[in-house]
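Have a go at each one before you read its solution.

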Amino acid sequence: MNGLTKQIMLSKMRKISAKEITSYAKKYHIAITEDQAKLISDHLKRSNYDPTNPEDRAQMLRKLAQITDIKTAKACQQLFHKLIKEYGVEDYFK
């Protein structure tokens, strides 16, 4: 992944609002409450995760499972894999 693309992705992740998270959750049929979306947004703003790093992704999913539940975290993980395949960016996330 080139540096610019990665910086744009990280910037978006760290600036995502609870409203955006709720909107995406509805779009992809994932059950997340407004309170959970706020907690997720606040956590991402404070974190230094790099989703291209497998260890960081695992930490993100564990935290998501703590905020929501295992079922929601697994649904998000499946959606993540589906989207990276759909957009043809699998090589960025090895």
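**Exercise 1.** How many aromatic pairs does the structure hold?

*Solution.* First, a word on the model: it is predicted, so local features need pLDDT of at least 70 and side-chain atom pairs pLDDT 80 or more, while totals for chains, interfaces and linings use all residues. Residues are numbered from 1 along each chain as its sequence is written, and side-chain values use heavy atoms, without hydrogens and water.

Now count: there is 1 aromatic pair (Phe, Tyr or Trp rings, the six-membered one for Trp, with centres within 6.5 Å; planes under 30 degrees apart are stacked, over 60 edge-to-face, the rest tilted). The ring centres of Phe80 and Phe93 lie 5.2 Å apart with planes at 90°, so this is an edge-to-face pair. Phe80 sits in helix α5 (residues 70–86) and Phe93 in the segment after α5, 13 residues away (helices are DSSP runs of H or I, at least four residues, numbered from the N terminus).

**Exercise 2.** Is Phe93 buried or exposed?

*Solution.* Check the relative accessible area (buried is under 20%, exposed over 50%, partly exposed in between, with a 1.4 Å probe and protein chains only). Phe93 has 10%, so it is buried. Phe80, at 25%, is partly exposed.

**Exercise 3.** Find which residues of α5 are buried.

*Solution.* They are Thr72, Ala73, Cys76, Leu79 and Ile84. Their arc around the axis is only 125°, so they are on the same side of α5 (the arc uses directions from the helix axis to the C-beta atoms). Exposed residues on the other side include Ile70, Lys71 and Lys74.

Definitions and conventions: Helices (H or I, at least four residues) and strands (E, at least two) are DSSP runs, numbered from the N terminus.
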